[in-house]
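Dear colleague,

I am passing on the structure below, together with some notes on what I found when going through it. Please read the notes with the coordinates open beside them.

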Amino acid sequence: MSIQKEIKRVTVHTLRRMKESGQKISMLTAYDYSMAKALDEAGIEVLLVGDSASNVMAGHETTLPITLDQMIYHAGSVIRAINRALVVVDLPFGTYQGNSKKALASAIRIMKESGAHAVKLEGGLSVKDSIKRILSAGVPVMGHLGLTPQSIYKFGTYTVRAKSSDEAAQLKQDALLLQDLGCFAIVIEKVPSALAAEVASTIDIPIIGIGAGPNVDGQVLVTHDMLGITKEFRPRFLRVYANMYDDMKKAAISYLTDVKSGDFPNDKEQY
Ligand code: KIV
């Protein structure tokens, strides 16, 4: 029987065991009750309440505007839906950088007010103190290296990261640091596959890739992108599994047509 069938709740230890036994980890984003319920029932091991909610739920151009209160609202909705998945919540921009006490207070608010199981934050050495302090309170931390969307204005583009040997060396150092600090896993976003594979094979904690090739310990996608709800975002690494934007629009047009024609509601659809 696979680990997926044997376990009840997915924990940070489950993920480590999955890496050790060579079982791939599946992770998707979730921001609301109904979608989280479907993803959890499907058997996805990790649900990420990503700050990509800023883009796909709120329509902002970047992840920067979303607030801690808004993340807690999304996380609470996801937590109420799940029976099995590990729920990880992004610490939003401005709630952990450069101030470890503030970082701990932000993480504690997420854990207390939403019931989530872990937090994720972006960066390596630059956020070392924040990670240490959050971990010291017993809150599991997932790292995030490579393309870090909260630093978009520093880099100016969303292109592939760590293509130069200097940047690649920095990423490897940061991954080791995150492991040594005690992070339970790391998301590595949009870097050359060979680099991600090297990191995954040299460190013990699970590496979850997005645009980082197949030779890592698991994959994550933004659910709205893989379901085809967002139509404008089509990076090379994305596989689209449904066309829900078109399906929603078609359903809305059918409803509109039925309302206008008087076809809805019919005799059976009334009291
Ligand atoms: O916010 C998010 O959705 C993320 C994923 C892209 C990993 O951080």
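Which residue in E8 is the bridge partner of Ile-208? In this predicted model, that partner is Gly-218, and the pair belongs to a parallel arrangement in which strand E7 (residues 207-210) is joined to E8 over 2 bridges. Strand E8 (residues 218-221) also pairs with strand E1 (residues 25-29), again in the parallel sense, through 4 bridges, and within that pairing Met-27 lies opposite Val-220.

Turning to the domains, the assignment divides the protein into domain 1 (3-240) and domain 2 (244-271), with 39 Å between their centres when these are taken over C-alpha atoms. Contact between them involves 4 residues of domain 1 and 4 residues of domain 2, and the area buried between the two domains comes to about 380 Å², with carbon and sulfur atoms giving 63% of it. On the domain 1 side, the residues that lose the most area to domain 2 are Leu-227, Ile-229 and Lys-231, which together account for 88% of what that side buries.

As for polar interactions, 3 residue pairs are in polar contact between the domains, counting pairs with both residues at pLDDT 80 or more, and the side of domain 1 that touches domain 2 consists of 2 nonpolar, 1 polar and 1 charged residues. The interface also holds 1 salt bridge; the side chains of Lys-231 and Asp-246 meet in a salt bridge with an N to O distance of 2.8 Å.

With best regards

Notes: Residues are numbered from 1 along each chain as its sequence is written. This is a predicted model: local features need pLDDT of at least 70, side-chain atom pairs count only at pLDDT 80 or more; totals for chains, interfaces and linings use all residues. Side-chain values use heavy atoms; hydrogens and water are left out. Domain bounds come from an automatic or database domain assignment. Contact means heavy atoms within 4.5 Å. Buried area is the accessible area (1.4 Å probe) that two parts lose on being put together, summed over both. A salt bridge is a side-chain nitrogen of Lys or Arg within 4 Å of a carboxyl oxygen of Asp or Glu. A polar contact is a pair of N or O atoms within 3.5 Å; within protein, one must be able to donate a hydrogen and the other to accept it, and residues adjacent in sequence count only if both atoms are side-chain atoms. Ala, Val, Leu, Ile, Met, Phe, Trp, Tyr, Cys and Pro count as nonpolar, Asp, Glu, Lys and Arg as charged, and the others, Gly among them, as polar. Two strands pair if DSSP finds at least two bridges between them.
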